[in-house]
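User: I would like to learn how to read the contact between two chains. Can you take me through an example?

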Amino acid sequence: MADCGEPDGPDNKDNITRSKNEGKELTKEEKQRLRKQKKQQKKQKERKDEKGPSETEKEKTPVSLLPPRPVATQKAPSALPAPASAPIPVPASAPFHSSPTPSPADKPAKSKAELKAERRARQETDRASKQPGSSSSSIKTKAPLSELNPVVKRLPEHVQVDDPAVVKRLAKKLERQQIPLRSDYGYKVSLFSHLHQYSRKAPLTQQLSIPSTVIHPSIVRLGLQYSQGIVAGSNARSVALLHAFKQVIRDYTTPPNEELSRDLVNKLKPYISFLNQCRPLSASMGNAIKYIKKEISNIPSQCKEEEAKTKLLQCIDRYIEEKIVLAAKAISKYAIEKISDGDIILVYGCSSLVNHILCEAFEKSRKFRVIVVDSRPRLEGREALRRLVQRGISCTYVLISALSYILPEVSKVFLGAHALLANGYVMSRVGTSQIALVARTFNVPVLVCCETYKFCERVQTDSFVSNELDDPDDLMVTRKGKTQLENWQDVSSLGLLNLVYDVTPPDFVDLVITDLGMIPCTSVPVVLRVKNLDQ
Amino acid sequence: MELQAVLMAAGGGSRMMDLTYNTPKPLLPVGNKPLIWYPLNLLERVGFEEVIVITTKEVQKMISTDPKTKLDVKMKLDIVCIQEDADMGTADALRHIQQKIKTDILVVSCDLITDAALHEVVDLFRAHNATLSMLMSKAHEFTETVPGQKGKKKTGEQRDFVGVDGTGKRLLFMANEADLDEGLVIRKSIMRKHPRMHIKTGLVDAHLYCLKKSVVDFLADNKSVSSIRGELVPYLVRKQFSKSMTSPNVNDEADQNLKKKDGNANLEIQILSRDEVLLQLTRERSCWNDHRGDMSEAYHGGRLRCYVHIMDEGMCYRVNTLAAYIEANRLAPKLFDEPAVHPSAAISVRCLIGADSIIGASCQISDKASIKRSMIGASTTVREKVKVTNSIIMHGVTIEEGCNIQGSVICSNAVIGRGADIKYCLVGSAQRIEPEGQ
């Protein structure tokens, strides 16, 4: 295959004609068409090169440094407020792509081969110049492209703690941002040795100076609250994050000779690394961060600082209002249609959205009972139980080991989600896939409730690849003054595993209730595509 | 900025008058460094860059002029003087500097010597958005005999009763024995919310407090509170459970205007922050609760919270009595790793200096002197055949030949005559002991 970046027009044509003559016979029209395609391709490349320097500034690669020389954009031009010339390459490439299809088979092979070659060259230059952070870029993907643009989507990198090169790169990046590196704790089970495992007793603030100057105090507070579990749950974490960002924006002043739109984004990067060190970011947080960064970058440079700040604060308020509060209202409206009188509903753990739905349904005088299933070590079900009983809903409480005993009574299962992946899998608290599996066996419908801002472009089919390991000491329990597992670290063949998330395949989920409506699990990628085209 | 450090160095040392009548307490030498160096060193190690030091004019003069009391700290010291005889309590001092305080504060007392991990205290303050966070430590018995005191010290002294919840972090109850008439009274509202309380008595209050800025503003309005430890802290601990603190109504404007007239309730308004709506949303959506077993939400909906970090191990001393001073002198050298013998001291060859001793700068130790477990201050002269054991000798002392000093404290500029035998005594400054004295 041709490995060169720049195809040479006439030479190639000669090659093509020669190869074609060996193979099929080309008609004159097809040859002309081929020549036109080559010209258009060249024009498109030139235009992309022009756009390159202006668009690289607006690109929102959160972690890596952009290569200084203009590289062809990797985002759909429609996603950015691109200059007017941008739409032209798009339709130019459109006929370019649609035309290969009617033409003979090996012609599209050739043009696609050149495309692939260019793509590979670009990818190599990217990989050579970028300095990836292992886990922090996992969520911050760029928007997926429209199928028209033949450019590569940068996929998130997975956490790779057992790869020393990656760990070294992460340490260097953190050092550059003046953020302490949190060290792993305890023995990790070998299947999960590629993930971080931190101890709650060794907070990151130990290594920070006390009146924290590098990191804004509200971010330090937020990081502490994350790592100690005071703020837990996808929605709560996102709201707390946005609240902290509001404080940061309020206290921010543009340094001289800098633009707010660029400098503020750079200020936010070390904060995000810090929060990631305290506790790995969730998909909802990642989407919220992407939104904020886009809003900040979209601030026109002639806007005054005060105006810009108020605008950003309003954007954040609006985001929370739309994506979380109103979405919850919309979802409960749809979900209440599905709850009928005499239902026995099973919920798992403490999902803020499911609790909201049940409370609303109870207020609309639906008669139902709730069974709360709980699991160690988090025992979040107790909190869900408290909130439901406080409203007056009659509840039953079981541990997950009693699931198959209680399921024959259940008429519906409502589950919350941490994130919905692009292949329709549901990522939620560990134990959810168990519940979905057993419910499927008993033919009980499983409904997952999830706001659209938690939809994520990652693709995962198992719970090993990307997960979160919590503090293994949480598994120790003290009964009658004795803790059996107190010296678990001394036993060489013993490892404690405290997983946080697991993924449920879409075959076990009957319906996903989102603020856009009730969709089947396999329609998640459609929603993602529509959402990104809107942006 | 997150926290401002305030160092209270205006105290008189009322419980150690023998030592402090000549030297002000912040400048008493402990391990040959002035007492005020220890909290300053602690703050510097942790990462503070500026400290507001509240002290008397005398101390400020001595710090700036006297070369002996040089403090080698790299932080910027903002020294605020108050009148020595104004009898200002610590809270009064805070009120005095209210203009300088722009954010939450960390109040430290000058007589604190500790190696505690300050981030524990500050983390409680940050994570739970607490109004007060303080440090306490398990008290150690003082084993050394205190010179100048006959017999054992009375044990029925003022005890502090500290009540904490099950986790040991939340402060529920604090009272001094002096304030309690017949017995310990605990309100039912506390017991309803926290049915399990651990009451501890053997704790040393390190007098290190993280306070919210709203507390300082509250102090400015309420001029009756004069001492942090004596009045403000018990008041805040009590106020956690008072009814007005737990009202969920945030947006009631009229209510707030009414309450503004009532000075005591000012604290509540000042605790409300901007974006309360978002914080409330976060708390609603978060599946965390600090207690379980009842129907109430996290923190029982209370907005005022006091936390305490109790140190189990590690050093924490407050040098406010003579016994504490002696103990601190013995253990303070562990805190810093300077060489025990100052390089500028002229030590002659045939003297015996034990490992636990510290010799100050420009000392002159002559032959056959034996110094064990003692602290020799700067510029002291020790002549031949002197035996010094378990003692603290401050600056500028002259010890003539043949003296035997055991378990004593000799203040600065004293002269001990030849052949004196001093056991468990306290020699004041610039005193002169006759030769062959006992």
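Analyst: Gladly. This is a predicted model. Start by counting who touches whom: 33 residues of chain B are in contact with 40 residues of chain A.

User: How is the size of an interface often given?

Analyst: As the accessible area lost when the parts come together. Here the area buried between chain B and chain A is about 3,300 Å². Carbon and sulfur atoms give 60% of that area. On the chain B side, R126(B), R285(B) and C287(B) supply 23% of what chain B buries against chain A, more than any other three residues.

User: Which elements of chain B give two or more residues to the side that touches chain A?

Analyst: They are α5 (118-127) and α11 (276-285) of chain B. The largest share, seven residues, comes from α11(B). By type, the residues on this side of chain B divide into 14 nonpolar, eight polar and 11 charged.

User: How many salt bridges and polar contacts are there between the chains?

Analyst: The count of salt bridges between chain B and chain A is zero. For polar contact, the interface has 15 residue pairs.

User: What about nonpolar cores?

Analyst: In soluble globular proteins, nonpolar side chains tend to be buried together. The largest nonpolar core here has 49 residues. Among those touching the most other members are I215(A), F245(A) and L275(A). Elements giving two or more residues to this core include α8 (260-278) of chain A and α11 of chain B.

User: Which residues does L275(A) touch, leaving out those up to four places away in sequence?

Analyst: L275(A) touches I219(A), L222(A), G223(A), Y226(A), L241(A) and L281(A). A second, separate core has 39 residues, including W288(B) and C316(B).

Definitions and conventions: Residues are numbered from 1 along each chain as its sequence is written. Chains are lettered from A and ligands numbered from 1 in the order in which they are written. This is a predicted model: local features need pLDDT of at least 70, side-chain atom pairs count only at pLDDT 80 or more; totals for chains, interfaces and linings use all residues. Side-chain values use heavy atoms; hydrogens and water are left out. Contact means heavy atoms within 4.5 Å. Buried area is the accessible area (1.4 Å probe) that two parts lose on being put together, summed over both. A salt bridge is a side-chain nitrogen of Lys or Arg within 4 Å of a carboxyl oxygen of Asp or Glu. A polar contact is a pair of N or O atoms within 3.5 Å; within protein, one must be able to donate a hydrogen and the other to accept it, and residues adjacent in sequence count only if both atoms are side-chain atoms. Helices (H or I, at least four residues) and strands (E, at least two) are DSSP runs, numbered from the N terminus. Ala, Val, Leu, Ile, Met, Phe, Trp, Tyr, Cys and Pro count as nonpolar, Asp, Glu, Lys and Arg as charged, and the others, Gly among them, as polar. A nonpolar core is a set of buried Ala, Val, Leu, Ile, Met, Phe, Trp, Tyr and Cys residues joined through side-chain atoms within 4.5 Å. Buried means under 20% relative accessible area, exposed over 50%, partly exposed in between (1.4 Å probe, protein chains only).
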